[in-house]
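Hi,

Here's the structure I promised to pass on.

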Amino acid sequence: MRRNADNKRKLGDKLGDKLGDNRQKILDLMDRDPKISIPQLASEIGISATAVEKNISWLKENGYVKRTGSAKAGRWQVAGAGY
């Protein structure tokens, strides 16, 4: 049993190192259009605006993206191209 638990832990570590598909798509779209809105992101990716907001929160907390300017006239800054 111990070996199985170790394998699951290793898999979890590997998955934790990678961005999910939706987060990757969000970064790609923000990089292409820094003024893209959350509803536009949701529409492009095919997920809810709430899901986009949760993913953006994670991306902000982990240093992948930040918002500059006002909520309405601001823009997204994607941290480097190495995401």
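Below is what turned up, going from the helices to the core and then to the strands. Keep in mind that this is a predicted model.

Let's start with two helices, α3 (residues 38-45) and α4 (residues 49-61). Their axes come within 8 Å and cross at roughly 105°. Since angles from 65 to 115 degrees count as roughly perpendicular, that is therefore how α3 and α4 sit relative to each other. On the α3 side, the contact is made by Ile-38, Leu-41 and Ala-42, while α4 brings in Ala-49, Val-52, Glu-53 and Ile-56. Sorted by type, the residues of this contact are six nonpolar, one charged and no polar.

Two of those names come back in the core. The largest nonpolar core has 15 residues, and Leu-41 and Ile-56 are among those with the most contacts inside it, along with Ile-26, Met-30 and Val-65. At least two residues each come from α2 (21-32), α3, α4 and β2, and α2 gives the most, with four.

Now the strands. β1 (residues 65-68) and β2 (residues 75-78) pair in the antiparallel sense over four bridges. They form a hairpin with six residues between them, and in the turn Gly-69 has a positive phi of about 85°. Val-65, which we met in the core, has Val-78 as its bridge partner in β2.

Cheers

Notes: Residues are numbered from 1 along each chain as its sequence is written. This is a predicted model: local features need pLDDT of at least 70, side-chain atom pairs count only at pLDDT 80 or more; totals for chains, interfaces and linings use all residues. Side-chain values use heavy atoms; hydrogens and water are left out. Two strands pair if DSSP finds at least two bridges between them. Axes are lines fitted to C-alpha atoms, for helices over the stretch in contact, and angles run from 0 to 180 degrees between N-to-C directions. Angles under 35 degrees count as roughly parallel, over 145 as roughly antiparallel, 65 to 115 as roughly perpendicular and the rest as oblique. Contact means heavy atoms within 4.5 Å. Ala, Val, Leu, Ile, Met, Phe, Trp, Tyr, Cys and Pro count as nonpolar, Asp, Glu, Lys and Arg as charged, and the others, Gly among them, as polar. A nonpolar core is a set of buried Ala, Val, Leu, Ile, Met, Phe, Trp, Tyr and Cys residues joined through side-chain atoms within 4.5 Å. Buried means under 20% relative accessible area, exposed over 50%, partly exposed in between (1.4 Å probe, protein chains only).
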